[in-house]
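Visitor: I have a new model open and would like to learn how to read it. Where do we start?

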Amino acid sequence: MPLKQSGSEILLESLRREGVDVFFGLPGGVVLPLYDALYSSGVRHLLVRHEQAAAFAADGYARATGKVGVCLGTSGPGATNLVTALTSAMMDSIPVVALTGQVPLHLIGKDAFQECDTVGITMPSTKRSFLVRSASDIPDIMHEAFKTAVSGRPGPVLVDLPKNVLMEPGEPTYFNEQGMEKKERIREWTDADLERAADMILESRRAVLYVGGGMIASAAWDELRELAELANIPVTTTLMGLGGFPSEHPLSLGMLGMHGSYATNQSICNCDLLIAVGARFDDRVTGRLKDFASLSKKIHIDVDPSEINKNVRIDVGLVGDARQSLRALITAIRRRKDQNPSPAARQQWLQRIDSWRGEHPLTYDRYSSAMKPQYVIETLSRYSAEDAIVSVDVGQHQMWTAQFWKFRQPRTWLCSSGLGSMGYGFPAAMGAQLAFPDRQVIAFVGDGGFQMTLNDLATVAQYKVPVKIAIINNRALGMVRQWQELFFEKRYCDTDLNFAPNFAMLAESYGIRGRRVDHRADVKDAVQEFLSDREPGLLDFWVDPSENVYPIVPPGASLAEMVVEPPRVLAEEEVLDDLWAV
Amino acid sequence: MQWLIALETNSDPITSCRLINIFRRKGVGIVTLAMAARPQGFSIITVAETPESEVEHIYNFLRRVEGVQHVTYYRHEPQGDASFVFIDSEPQSQTLNRVLQDFPGAKMVFGSAGKYLLEIPGGRDLAGAPAEVLPFARVKTSIPQPDLITAQAS
């Protein structure tokens, strides 16, 4: 006789069978039957203080694990509060399944209390959205949702659950396999395409690998490293690709684009072959499009066919999974061992890149008595564990972390890259920490972004989630202020955040240890103490507010037109020297 | 350029909504559009104006949208031979009958409320055809074997 369960019980059992070990949410009217079933289900749920944090936490969990993150909101405002985070996951191709409550089916379209068109609202923010009409359909839909989230180009999927469906009895037929295990990735390239790509690599003298989040999504970091070392090709990563190639590897170029280093951007401007892997030629990467890598031929590996030739003309497009495609490319290159890529030319190319590094290294005023934000980030990087996970908000601190953190492992970098959503860093770190309770998880946040989601200090305190929060506090919306300074004649309008809480005391009020750090001399001790325990903690670094992010490619400019350092204010004696010289 | 996009989706209407929204967002200028329900889902056909450089990207974008089963695109061939014609007429128009008389082997790919897409085997010179008959050539399709039905003159 078929088992009869309520829709809520079927949902929780489906989650369990899909391998969900924790999900993040906040209850409300229409999802009360679900929370009632949750009470005795044994499925772990983390009560957040705002649904946006639930979805960002699910995103952080997904980025750190490579699995699907799950979040839940009630109908109406609960659902709309998820939208920013779902849009961010969509932009960055992160697999998230969002569950939303909905008013009973017979009330949909009647403007019922807390009713909204969740499926309609989230249409462009999700890969796919389902409205469940029967409790018995839940296992099928959940299975499909998980499969869709990880298949092809990953992304968020939404499942809208009317209250009557959660309450009604159903006769479920469960799957024995998880939807995540059935992920599908198309392969559209032919052997001829692959051979042509291999030829281009072997013929090139000044090649660069340009790698994005698609490489992380397909877990292709070993293949990337193998190809780079096999052909002696330097590797630059986008913001999304950070962690996929070790920062301290001799072939690492770090990040490219608007805040990439001089050497990296010069290598893009001068390369004769650009091999893009799981990257989408975003405007923050390319600068003025027509001048981007204009001397090079281009190979583009991507699982999404619509990315090929979207922004930049490609010579060979390999549509397929990055890992499989790179593996095939490595095999094709190894097969022609005798056609060794000109080692001397490759070596000259690496030397040239080194000389660019020497001309304008990625640096800051290391001897300043002021507490430079880059120094704080470097210190945290130095004293953190090898496998520490680092999460960031959006703005100046995000770029400094991308520049100065030493990335050692993949899936240790959590960043709302495409959408650039402030408020992401802290809840995403919370999600990653739930996945890896024994690893260090550090959330770098700005004083602006942190004020958008700091209400979830209550969550980490309640569940004793040992996230470490490092506020890079410059008392401003720093990146916006930087643009006002550089591009709007220093007309600073509404970027001053001097009116803010005492973050250390605020943390203490939640029962979290907090400390404010004002002086450079105190940074090292504060960091060591901060990282020494397994409790949540907060350090509020009052950094030099005048510091800006350099290098910078001004908006509309090409990578070659980057400004490598701030205009220098001449000392009095230098001014006099200049006058005498005249 | 003017092109014709034929799409088949699953039975969830939200997929069609997504497609219309994608047309809006990607700047696809819709000249005419028709939609029909099938047992397995929906068929959408649209004649659109798009810069030529964008066409390939939009085709690829549409074929990877969840719930889209197949996409085919056709290029408008106002001068040359065409193996497909699109009839953009009023529902009561006799244009379809006239075209079927002129091309007796024609097979209907899509038909709804005065909008018809017909395959004309062998290709024909359509110079002199009425204004509501637009010639097209198929460029790309995600359908391995197009499922065509012979049209009956009404």
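Guide: Start with contacts. Two residues are in contact if their C-beta atoms, placed from the backbone, lie within 7 Å. One caution: this is a predicted model.

Visitor: Among contacts in chain A between residues at least 6 apart in sequence, what percentage join residues at least 24 apart?

Guide: The figure is 77%.

Visitor: What does the radius of gyration say about chain A?

Guide: Compare it with the value for a compact globule. For 582 residues that would be near 25 Å, and chain A has 25 Å, so the two agree. The C-alpha trace spans about 90 × 60 × 45 Å along its principal axes. Buried residues account for 55% of the 582 in chain A.

Visitor: How many helices and strands does chain A have?

Guide: There are 24 helices and 20 strands.

Visitor: Into which domains is chain A divided?

Guide: Domain 1 covers 5-182, domain 2 covers 191-359 and domain 3 covers 373-551. Take domains 2 and 3 of chain A. Their C-alpha centres are 31 Å apart. Where they meet, 14 residues of domain 2 contact 15 residues of domain 3. The domain 2 side has eight nonpolar, five polar and one charged residues.

Visitor: Now the sheets. How do strands of a sheet pair?

Guide: They pair through backbone hydrogen bonds, either parallel or antiparallel. Look at strand 12 of chain A, residues 273-277. Strand 9 (residues 207-211) of chain A pairs with strand 12 in the parallel sense, over five bridges. Strand 13 (residues 297-302) of chain A also pairs with strand 12 in the parallel sense, over five bridges.

Visitor: Is strand 12 of chain A mostly covered or exposed?

Guide: Mostly covered: five of its five residues are buried. Check both faces. Leu273(A), Ile275(A) and Val277(A) point one way, Leu274(A) and Ala276(A) the other, and all are buried.

Visitor: What is the strand order in the six-strand open sheet of chain A?

Guide: Read it as 16-15-17-18-20-19, with parallel pairing. Strand 16 (413-414) and strand 19 (513-517) are at the edges. Each has a single partner strand, so one side of each lacks a neighbour in the sheet. Inside the order, strand 17 (residues 441-446) and strand 18 (residues 468-473) of chain A run parallel, joined by five bridges. There, Ala443(A) stands opposite Ile469(A) of strand 18.

Visitor: Which strands of chain A does helix 18 touch?

Guide: Helix 18 (residues 425-435) packs on the sheet and touches strand 15 (389-392), strand 16, strand 17 and strand 18. The direction of helix 18 makes about 175 degrees with that of strand 17.

Visitor: Last, the contact between the chains. How many residues does each give?

Guide: Chain B gives 11 residues and chain A gives 13. Helix 1 (13-25) and helix 2 (52-63) of chain B each supply at least two residues of the chain B side. By class, that side has three nonpolar, four polar and four charged residues.

Notes: Residues numbered from 1 in each chain as written. Chains lettered and ligands numbered in written order. Predicted model: local features only at pLDDT ≥ 70, side-chain atom pairs only at ≥ 80, totals over all residues. Domains from an automatic or database assignment. Nonpolar A, V, L, I, M, F, W, Y, C, P; charged D, E, K, R; others polar. Helix = DSSP H or I, 4+ residues; strand = E, 2+ residues; numbered from the N terminus. Rg over C-alpha atoms; globule rule 2.2 N^0.38 Å. Buried ≥ 20, exposed ≤ 12 C-beta atoms within 10 Å, placed from the backbone. Pairing = 2+ DSSP bridges. Axes fitted to C-alpha atoms, helices over the stretch in contact; angles between N-to-C directions.
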